[in-house]
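Welcome! Take a look at the sequence and the 3D structure below, and then we will walk through some of the details together.

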Amino acid sequence: MKNTEDSIKGIEQGRASFAYKKVLEAKDELKGEEAKYKAYVKKIPMYIKTNGLGPTFAFVKSKDKEKAYRLIYKQTGEWLKRDANFLDGQGELIEQIINLDSASYRCVTNEVLALFNWLRRFSEGTIKGEVEDEI
């Protein structure tokens with residue numbers, strides 16, 4: 001039982017560590033627009049729960065011209081391809097998401113929601129300012 005608890009704790013710590021680094025990266029890269037990142041990171045879990053993972057990331061990809069959305073898309077892909085090992089790293093993130101089987105799709109959705117929980121917490125704690133509702 002202890003190994004299972006340690007394993008779960010390790011996964012959660014890895015997710016938290018990744019999210020913390022990515023929020024700091026967003027703060028550096030999005031000078032003047034970091035409040036948008038904070039607002040989008042807060043809203044994306046609601047979009048996933050309402051519309052599903054695929055449609056949400058199709059939306060995020062469609063907003064690619066905006067730096068904050070582009071960074072969120074990139075960071076999510078990095079997590080799923082590298083640290084969480086959910087996707088194989090071949091091809092576009094949205095293409096891989098829509099080609100998942102049903103069980104994997106649910107698993108990846110839960111993983112993305114868990115990641116965004118950490119991103120939201122850290123962005124609320126480290127990024128100042130608010131953005132009016134844009135989405």
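Let's begin with K74, which is partly exposed at 39% relative accessibility; buried means under 20% relative accessible area, exposed over 50%, and partly exposed in between, using a 1.4 Å probe and protein chains only. Please keep in mind that this is a predicted model, where local features need pLDDT of at least 70, side-chain atom pairs count only at pLDDT 80 or more, and totals for chains, interfaces and linings use all residues. Residues are numbered from 1 along each chain as its sequence is written, and side-chain values use heavy atoms, with hydrogens and water left out.

**Salt bridges**

- Side chains of opposite charge can pair when their charged atoms come close.
- The whole structure holds 11 salt bridges, each being a side-chain nitrogen of Lys or Arg within 4 Å of a carboxyl oxygen of Asp or Glu.
- K74 meets E25 in one of them, with 3.7 Å from N to O.
- E25 lies in helix α1 and K74 in helix α4 (residues 67-83), so this pair ties together parts that are 49 residues apart in sequence; helices here are DSSP runs of H or I with at least four residues, numbered from the N terminus.
- E25 is buried, with a relative accessible area of 18%.
- K22, E25, K74 and E78 are linked in a network of salt bridges.
- E66 and K36 form a salt bridge too, their closest N and O atoms being 3.9 Å apart.
- That pair links distant parts of the chain, since E66 is in the loop between α3 and α4 and K36 is in helix α2 (residues 34-51), 30 residues apart.
- R15 and E12 form a salt bridge with the closest N and O atoms 2.5 Å apart, and both lie in helix α1 (residues 2-29), 3 residues apart, or about one turn of the helix.
- R15 is buried at 8% relative accessibility, whereas E12 is partly exposed at 29%.

**Aromatic rings**

- A pair of aromatic rings is described by the distance of the centres and the angle of the planes.
- Rings of Phe, Tyr and Trp (its six-membered ring) pair if their centres lie within 6.5 Å; planes under 30 degrees apart count as stacked, over 60 as edge-to-face and the rest as tilted.
- The count comes to 8 aromatic pairs.
- The F18 and W79 rings have centres 5.0 Å apart and planes at 45 degrees, so the pair is tilted.
- F18 is in helix α1 and W79 in helix α4, 61 residues apart, and both are buried.
- Y20 and F122 form an edge-to-face pair, 5.1 Å centre to centre with 70 degrees between the planes.
- Y20 lies in helix α1 and F122 in helix α6 (residues 102-126), so the pair ties together parts 102 residues apart in sequence.
- Y40, Y47, F59 and Y69 form one aromatic cluster.

- Where is T56 placed? T56 sits in helix α3 (residues 53-62) and is buried, with a relative accessible area of 2%.
- Leaving aside neighbours within four places in sequence, T56 is in contact (heavy atoms within 4.5 Å) with I44, Y47, I48 and N51.
- The buried residues in α3 are L53, G54, T56, F57 and V60.
- Seen down the axis of α3, its buried residues fall within an arc of 165 degrees, so they line one face of the helix; the arc is that of the directions from the helix axis to the C-beta atoms.

Methods: Helix = DSSP H or I, 4+ residues; strand = E, 2+ residues; numbered from the N terminus.
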